[in-house]
Amino acid sequence: MSEGSKVYGILLEFEDPQNLVVACRKVRDAGYTRWDAHTPFPIHGMDAAMGIRGTRLPLLILAGGLTGLALALLMQWWMNAVDYPFLISGKPLFGLPANIPVTFELTVLFAALTTFFGMWGLNGMPRLYHPVFKSARFRRATADRFFIVIESDDPLYQTEGTSDFAASLGAVAVEELED
Amino acid sequence: MSSPDLRPPIDPLDNTSDDPTQPTTLVLGGHDFTSVTDTVASIAENPNPPRAWYIAFAVTASMTAMLFAMIAYLIVTGVGVWGLNNPVGWGWAIVNFVFWVGIGHAGTLISAILFLLRQRWRTSINRFAEAMTIFAVICAGIFPAIHVGRIWVVWWLFPIPNYQLVWPNFRSPLLWDVFAVGTYMTVSLLFWYTGMVPDLATLRDRAQTKTRAIIFGILALGWRGSHRHWHRYEKAYLILAGLATPLVLSVHSVVSFDFAVAQLPGWHTTIFPPYFVAGAIFSGFSMVGTLLVPARKWFGLKEFITLHHLENMNKIILATGSMVGFAYATEFFIAWYGGNPAESFAFVNRAFGPYAWAYWIMVSCNVIAPQFFWSKRVRTNTVAMWILYIFVNIGMWFERFVITVTSLSRDFLPSSWGYYSPTIVDILTFVGSFGLFFMLVLLFIRFLPMLAMAEVKTVMPVAHVSGESKPIGDYHGDIHILPKAPKEAT
């Protein structure tokens with residue numbers, strides 16, 4: 001490694017999920033905060049092993065759904081009872097039962113759109129470039145290998161100390177990532 | 001001379017079980033993560049698909065061209081090119097619409113409802129079924145759009161200001177349909193795409209050419225398997241499933257309101273919403289099976305889409321087919337018990353009137369055919385089940401034909417009765433919609449991962465980490481106990 005280029009962090013490769021989870025607990029307990037695990041599929045128990053807190057996504061979705069509900073009722077009331085009173089077969093201009101289907105559909109639609117855009121937004125995506133993509137080894141993160149990345153921005157990160165710590169985690173390969 | 005061994009040979013690909021309390025192996029053939037990725041991704045990466053693919057694509061693309069030619073002819077000439085006339089003003093266009101929307105129900109049912117019910121076998125078939133849903137809804141959407149007659153004002157269906165300053169009538173089931181099918185299409189698409197992003201990232205990372213790397217790079221949104229992302233991803237997926245579950249039940253209910261809210265004998269019944277939903281699931285699973293049985297054979301996926309998967313689908317077809325049969329019987333009972341002469345006539349007319357031939361095709365295909373699935377030998381025989389799927393596909397089209405046409409052709413006033421027949425344009429348009437459907441399926445198989453690789457990996461025994469005392473192997477059940485860590489800020 002050259003001292004001149006900025007180091008993004010250190011990449012650890014594991015061959016199976018069991019070793020990864022054990023290593024993640026050690027990284028968590030060592031007090032690192034700016035680090036991540038990369039796996040081809042979600043592994044149960046990783047949230048606890050990494051100390052990930054719950055996401056606020058459900059609250060956003062609730063807000064999205066309620067917005068859809070309110071907009072749908074307002075739209076149907078304004079369009080059929082106010083802006084152009086639409087009298088058909090003597091039915092009330094605004095009767096809740098007849099307006100429920102559209103209200104339901106728009107509630108679901110807004111909630112689903114919030115879920116989709118909210119999840120990708122909170123994950124910071126789309127983001128087509130990332131330092132980990134420079135590693136040829138990392139290409140297997142979406143197939144059959146398991147990785148931990150400890151970022152150099154982490155307050156506990158020291159060039160020597162973190163390398164020694166990483167070596168103790170049982171990774172099959174350790175690599176330094178350039179930014 | 002020793003007596004021959006009469007026991008059937010043990011088939012390594014037969015993982016069906018008669019004991020539902022025991023876990024079933026969902027991925028056979030001793031696969032590991034590497035071989036799962038290779039097997040599935042290589043189908044979408046093969047630069048030279050088999051010749052049969054090209055032949056099938058040529059045939060279905062020609063049929064699609066015929067569909068658009070028929071639509072062009074319809075628009076240029078008018079709806080008179082169809083067999084519609086008084087008293088039957090709703091013909092094949094509506095029948096085909098309900099038929100395709102119904103087929104489109106299986107995908108979201110498999111992805112959402114089976115996900116919430118923790119039916120882990122869904123992982124091998126959900127991607128394919130969701131794709132099929134989207135293609136079926138595309139086919140369905142064509143028919144109401146073109147049947148309005150003046151297609152250039154079809155945007156009046158949406159609440160968009162127009163020069164007449166009139167808004168859509170929100171108390172009409174036909175408008176509810178626009179919102180229901182539109183929402184269903186959107187949510188199905190979001191669900192499908194969200195589920196596919198990790199697999200698109202796999203294709204990006206395996207890309208051998210620059211073009212593939214760029215296309216899949218953009219489609220994968222920069223996915224890198226981060227566990228902080230997986231955490232929100234799984235939450236979002238669960239909530240999307242929760243949202244899609246009432247949605248899938250609502251869509252065919254709303255479609256049935258098109259009929260049930262009308263005053264016509266044979267349509268004006270409260271049984272329609274549940275009966276339509278059961279029929280939709282029934283027809284959707286049959287279409288999934290019609291496509292999966294050949295696909296798993298041709299693309300070497302028997303170890304992923306196992307007999308256990310197919311048997312489970314056949315059990316659902318048996319259950320929903322029996323519900324449909326029960327609904328037919330209930331309709332007749334209520335027609336008699338309700339004491340309304342117009343209603344009882346409508347049902348006697350269905351079974352013994354001029355369209356009796358269609359009615360009995362429907363009953364044979366939908367009520368009698370699925371009953372063969374009581375036999376395990378039929379449920380696990382791919383040829384037998386495929387033949388039964390075809391019967392169900394035919395029967396469910398005839399169900400919509402019987403409902404739509406018999407009631408319209410003979411309503412309250414005998415002097416206005418008539419007999420409806422389709423024209424060649426009707427027939428070619430419907431045949432063309434199959435071309436579009438199969439063409440889209442072929443393109444999907446050719447270019448996108450047809451099995452949810454990331455999800456299949458989670459149901460493999462090696463994927464599971466269950467605390468230090470039990471290292472690996474316990475993959476059934478969803479309890480994964482880990483020592484609770486104090487939650488920290490991240």
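The side chains of A:R34 and A:E151 meet in a salt bridge, with N and O 3.1 Å apart (a side-chain nitrogen of Lys or Arg within 4 Å of a carboxyl oxygen of Asp or Glu). The model is predicted, so local features need pLDDT of at least 70 and side-chain atom pairs count only at pLDDT 80 or more, while totals for chains, interfaces and linings use all residues. Residues are numbered from 1 along each chain as its sequence is written, chains are lettered from A and ligands numbered from 1 in the order in which they are written, and side-chain values use heavy atoms, with hydrogens and water left out.

**Salt bridges within the chains**

- The A:R34–A:E151 pair links distant parts of the chain, 117 residues apart: A:R34 is in the loop between α1 and β2 (35-38) of chain A, and A:E151 is in strand β3 of chain A (helices, H or I of at least four residues, and strands, E of at least two, are DSSP runs numbered from the N terminus).
- A:R34 is partly exposed at 39% relative accessibility, whereas A:E151 is buried at 14% (buried is under 20% relative accessible area, exposed over 50%, partly exposed in between, with a 1.4 Å probe and protein chains only).
- Over all chains the structure holds 16 salt bridges.
- One of them joins A:R145 to A:E15, at 3.5 Å from N to O.
- A:R145 lies in the loop between α4 and β3 (146-151) of chain A and A:E15 in the loop between β1 (7-14) and α1 (17-30), so this pair ties together parts that are 130 residues apart in sequence.
- A:R145 is buried at 14% relative accessibility, and A:E15 is partly exposed at 45%.
- A network of salt bridges links A:E13, A:E15, A:R137, A:R145 and A:E175.
- In chain B, B:R350 forms a salt bridge with B:E331, the closest N and O atoms being 3.6 Å apart.
- This pair connects helix α11 (residues 341-352), which holds B:R350, with helix α10 (residues 307-337), which holds B:E331, 19 residues apart.
- B:R350 is buried at 3% relative accessible area, and B:E331 is buried at 6%.

**Interface between chains A and B**

- The contact (heavy atoms within 4.5 Å) takes 73 residues from chain A and 71 residues from chain B.
- The two chains bury about 6900 Å² between them, 66% of it on carbon and sulfur atoms (buried area is the accessible area, 1.4 Å probe, that two parts lose on being put together, summed over both).
- B:R171, B:R224 and B:H227 supply 14% of the area that chain B buries against chain A, more than any other three residues.
- The count between the chains is one salt bridge, which pairs A:D36 with B:R228 at 3.9 Å between the closest N and O atoms.
- On the side of chain B that touches chain A, the largest share, 17 residues, comes from α8(B).

**Buried residues**

- B:T183, in helix α6 of chain B, is buried at 2% relative accessible area.
- Leaving aside neighbours within four places in sequence, B:T183 is in contact with A:E105, A:V108, A:L109 and B:L247.
- A:T103 lies in helix α4 (residues 96-122) of chain A and is buried at 5% relative accessibility.
- B:F99 lies in helix α3 (residues 92-103) of chain B and is buried at 2% relative accessible area.
- Not counting residues up to four places away in sequence, B:F99 touches B:N393, B:M396, B:W397, B:R400, B:F430 and B:F434.
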